[in-house]
There are 2 protein chains.
Amino acid sequence: MKAEIISIGTEILLGQTLDTNSSYLSRKLAEIGIDVHYHITAGDNKNRLCDSIKAALQRSDIAITTGGLGPTIDDITLNAIAEVAEKPLILKKEIIRLIEHHFKTRSIKMPKNNIKQAYVPKGAIWLKNLTGTAPGLIVEIYKKHLIALPGPPREMIPMFEKYIIPYLEKFRVKKSVILSRTLKTTGLSESQLHNKIAAFLRLSGSTTVGIYARPSQVDLKITAKAADPALAKKQIGIIEGKIRKKINKLIYGADDQKLEQVVAGLMGPSTISIAESCTGGLISSRLTDIPGISKNLLFSIIAYSDRSKKELLSISPGLLKRHGAVSTVIARHMADNIRRIAKSDIGISTTGIAGPAGATHKKPIGLVYIGLSTGKQTIVRKFNFTGSRDIIKFRTSQAALDMLRKFLLK
Amino acid sequence: MKAEIISIGTEILLGQTLDTNSSYLSRKLAEIGIDVHYHITAGDNKNRLCDSIKAALQRSDIAITTGGLGPTIDDITLNAIAEVAEKPLILKKEIIRLIEHHFKTRSIKMPKNNIKQAYVPKGAIWLKNLTGTAPGLIVEIYKKHLIALPGPPREMIPMFEKYIIPYLEKFRVKKSVILSRTLKTTGLSESQLHNKIAAFLRLSGSTTVGIYARPSQVDLKITAKAADPALAKKQIGIIEGKIRKKINKLIYGADDQKLEQVVAGLMGPSTISIAESCTGGLISSRLTDIPGISKNLLFSIIAYSDRSKKELLSISPGLLKRHGAVSTVIARHMADNIRRIAKSDIGISTTGIAGPAGATHKKPIGLVYIGLSTGKQTIVRKFNFTGSRDIIKFRTSQAALDMLRKFLLK
């Protein structure tokens, strides 16, 4: 089974709205083994929309449209479908009652325009909208399946999951599925990671591995095509096991896991305190996104200025003068001192030059020191990050959280 | 002039990557008066890609592709273009030198694969990649314009702006443009704002106003279609003036301006200190994204635990016991005390229940107090926010920054 997705709306063609429906539908269709051959976006123009639907139904077995089912004059999907299917539009009393009910529960009188949404091409299956007024449609045209869904994701997604997945699963001939799993790393560049696992990136056939870089993060995506989900998961598991044998410590998490979440999960009863200079609160903010972190995170101080380093973190003025705020020595003292002040097991510190100002010949933009202090030892690592101010802040927070992760793993 | 945008990549058709390039290009093309009739996404399949390019060039004057110019075997755009243009691919020594230089500055030897990126269809114009290795292309085919750009936005956008906009502006016949301007507000819900400016939302014709809601932010987008940019800007300016007459104080900025940027811009010589409980560092992190804030932001303390409120902010244990950490009284003392400790002009505090745990019958999730202390007075505002933990954190940071903005405006 081959499918195409047609998103409808001039606001998408003007770049004012980003189409996320096609991406969602593609993922869901892949999961039930339906290949998507094209995404098409057409505007609110009936002729061009009719052409798009006709071409899609000629090339593929399934065409799914999203959008254009609203009550206004711009919404032309119903008329286009009626024209392609060569069927008249019939007014459905049952749909009028549903729409009236929708407005009544919101204490609003149904606007006259909405009656438009109660028309259905003769012979089509219509689908109740669980979160809005526009019904969806399934129309069979010469053994091909034309499916029309509303545009707002909060209406489209429940309708797709409730009605369309069961409908399409009946027609699945080729029972193959595509699943993927993402292994997330930080600390190495794309090419450094590439070199470590080059053999896996050359895999071809039903299971493949792709590499995707973002600032301070490189993902490995394992994708498997198999007869059923269990088999696909098994194939993914085999490759994941082999990759982990090579670079297990570099992988901080998988799929939707965030680094701060992984770190919080490794904390156990350990307590921590943080002295942030160049990150300006970002590390603390990321950690406090995780529920329950209050039992671990005792104190955080954002010591941005020299004065705050002296007064809040008891850094000696002499040391600051001798080494400068951005130095190994100050990072070490910041981590040690915050740990002592908070009486925590671990102290973390950051100090660096996030730019765009503040750089000198010896201390360029992106120079960052991160300290990690425990009762037994204090480690300071030096980094030379690139990028804009917010990217340097983010890279520093990634490196600090990953230092903490590796320490907690020991 | 009509254009179509073709994004290339199986990862988009699988829903693993969201195509944002088409949206960006559409906005830019609208600005120079070029109508976009279709977006098409094709996978890494040469036949289907050739079909898509041919169809686009038949229907429209301009086809812009993004993606598929990489060095791997999946990258098929060059071959597809050569086939559609019926031209051989020619190796360009100048491009090899550019790619070698790109790798040399990164202390990496050029991988053999990258030589593929130095081929160009005979007679095509090639465009230097300012931030990567794949050159872009402009090919004229029967007076139509086929433009190929790399997929990564950080390579595509600079190339489009430097080479393609000047190239296309030469061909503009219909001199109408669509411009828009976004006015950003926070503090009111979509329906509250709707009621204040309902008349503008009913505008039709060449200048219209739309309303778009996100958590803790409602945008008003004014869009104007006119014969030239100056006229469009004038039309937008008239409507903006009328909207500002009604709700000027609610509008914190326009277009790409961020609230923290606006607040930083209003600070002047004022100094500030922040005591964050439920926001966990988010307000400080947002403010420190803005260069130069170090002259204003003296101290920030993340007083997440009761102990840190006592030890770092000198909150009396008796008060904490009597009122609880989430209360007007504690918010007031936190703001007053951080201001005194830092010796700053302004002190800001947040305390609240971000969830999912920590709620009681009297203090539900989303209950937040924000304090703003100056020498003359201390204001505490109470909020009942909804949403998940990170959304409540964000809403609190928005409300605190907006309180600060309104104070600084006085």
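Colleague: Across the interface of chain A and chain B, how many residue pairs are in polar contact?
Modeller: This is a predicted model, and the interface joins 59 residues of chain A with 58 residues of chain B. By class, the side of chain A that touches chain B has 23 nonpolar, 24 polar and twelve charged residues. Counting pairs in which both residues have pLDDT 80 or more, the number of residue pairs in polar contact across the interface of chain A and chain B is 34.

Colleague: Which residue of chain A does K393(B) meet in a salt bridge?
Modeller: The rule finds two salt bridges across the interface of chain A and chain B. In the one that involves K393(B), the distance from N to O is 2.7 Å, and the partner from chain A is D289(A).

Colleague: Which strand gives the largest share of the side of chain A that touches chain B?
Modeller: The area buried between the two chains is about 4,900 Å², with 55% of that area coming from carbon and sulfur atoms. On the side of chain A, the largest share amounts to seven residues, and these belong to residues 35-42, which form strand β2.

Colleague: Which residue of chain A comes closest to the rotation axis?
Modeller: Chain A is superposed on chain B, with an RMSD of 2.2 Å, by a rotation of 179° and a shift of 1.8 Å along the axis. The two copies are therefore related as by a two-fold rotation axis, and the same surface serves both, since 97% of the contact residues of chain A recur in chain B. Taking the C-alpha position, the residue of chain A that comes closest to this axis, at 2.4 Å, is I40(A).

Colleague: How many of the eleven residues of helix α2 of chain A are buried?
Modeller: Helix α2 covers residues 21-31 of chain A, and among its buried residues are N21(A), Y24(A), L25(A) and L29(A). The helix is largely enclosed by the rest of the structure, because the number of its residues that are buried is eight.

Key:
Residues numbered from 1 in each chain as written. Chains lettered and ligands numbered in written order. Predicted model: local features only at pLDDT ≥ 70, side-chain atom pairs only at ≥ 80, totals over all residues. Heavy atoms only, no water. Buried < 20%, exposed > 50% of the residue type's maximum accessible area, 1.4 Å probe, protein only. Helix = DSSP H or I, 4+ residues; strand = E, 2+ residues; numbered from the N terminus. Least-squares fit on C-alpha atoms with pLDDT ≥ 70 in both. Contact = heavy atoms within 4.5 Å. Buried area = accessible area lost by both parts, 1.4 Å probe. Salt bridge = Lys/Arg side-chain N within 4 Å of Asp/Glu carboxyl O. Polar contact = N/O pair within 3.5 Å; in protein donor to acceptor, adjacent residues only side chain to side chain. Nonpolar A, V, L, I, M, F, W, Y, C, P; charged D, E, K, R; others polar.
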